[in-house]
Amino acid sequence: MGLFAKEADRWLRQAEYDLRAAEWNQQGGFFAPACFLAQQSAAKSLRSFLFFNGEDARETRSVVELIDRAITYEEEFRSFVGTSTSLDIYYKTSRFPDAIPGGIPADVITEKDSKDAVKQASDIIAV
């Protein structure tokens with residue numbers, strides 16, 4: 001197994017773990033952490049895909065940017081263009097009170113938000 005294949009495996013295993021943690025948080029009513037973990041899961045699975053294709057993509061944490069790069073290898077990722085922006089929004093807004101004017105993530109991010117985020121991350125991993 002080559003270096004890129006080993007890295008792809010490591011990133012995918014962590015992406016799957018993060019997705020399970022997102023699902024666990026979502027079921028427990030911790031919607032903001034679920035959204036953050038869903039974003040992380042999607043980004044890590046896309047990095048895994050890019051490693052598998054011989055590309056190192058550790059310089060970005062943006063799902064949108066990673067999808068743009070992944071499309072060059074697999075057109076199926078095109079279905080996430082536009083909707084993946086919501087995952088990137090959770091990178092900060094799900095964790096930092098100053099990212100949400102007048103509120104905190106725990107009060108603003110809803111169950112629907114977390115269900116949508118987890119579903120989207122799950123769909124990205126499935127590709």
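Select Phe49, Tyr73, Phe77 and Phe80: ring pairs link these residues into a cluster. Rings of Phe, Tyr and Trp (its six-membered ring) pair if their centres lie within 6.5 Å. This is a predicted model, in which local features need pLDDT of at least 70, side-chain atom pairs count only at pLDDT 80 or more, and totals for chains, interfaces and linings use all residues. Residues are numbered from 1 along each chain as its sequence is written, and side-chain values use heavy atoms, with hydrogens and water left out.

**The rings**

A search of the whole structure finds 6 aromatic pairs. Show phenylalanine 4 and phenylalanine 51 next. Their pair is tilted, at 5.9 Å centre to centre and 40° between the planes. Planes under 30 degrees apart count as stacked, over 60 as edge-to-face and the rest as tilted. Phenylalanine 4 sits in helix H1 and phenylalanine 51 in helix H2 (residues 31–52), so the pair ties together parts 47 residues apart in sequence. Helices (H or I, at least four residues) are DSSP runs, numbered from the N terminus.

Now colour by accessibility. Phenylalanine 51 is buried, with a relative accessible area of 1%. Phenylalanine 4 is partly exposed at 36%. Buried means under 20% relative accessible area, exposed over 50%, partly exposed in between (1.4 Å probe, protein chains only).

Go back to phenylalanine 77 and phenylalanine 80. This pair is also tilted: 6.5 Å centre to centre, 45° between the planes. Phenylalanine 77 and phenylalanine 80 are buried.

**H2 against H3**

Select H2 and helix H3 (residues 63–70). Their axes come within 9 Å and cross at roughly 25°. Axes are lines fitted to C-alpha atoms, for helices over the stretch in contact, and angles run from 0 to 180 degrees between N-to-C directions. H2 and H3 are therefore roughly parallel. Angles under 35 degrees count as roughly parallel, over 145 as roughly antiparallel, 65 to 115 as roughly perpendicular and the rest as oblique.

Show the side chains. In H2, the residues that meet H3 include Ala42, Leu46 and Phe49. Among their partners in H3 are Val63, Leu66 and Ile67. Contact means heavy atoms within 4.5 Å.

**H1 against H6**

Finish with H1 (residues 3–27) and helix H6 (residues 111–126). The axes come within 10 Å and cross at roughly 160°. H1 and H6 are therefore roughly antiparallel. Pick out the contact: Ala15, Leu19 and Ala22 are among the H1 residues, and Val118, Ala121 and Ile125 among those of H6.

Key:
Helices (H or I, at least four residues) and strands (E, at least two) are DSSP runs, numbered from the N terminus.
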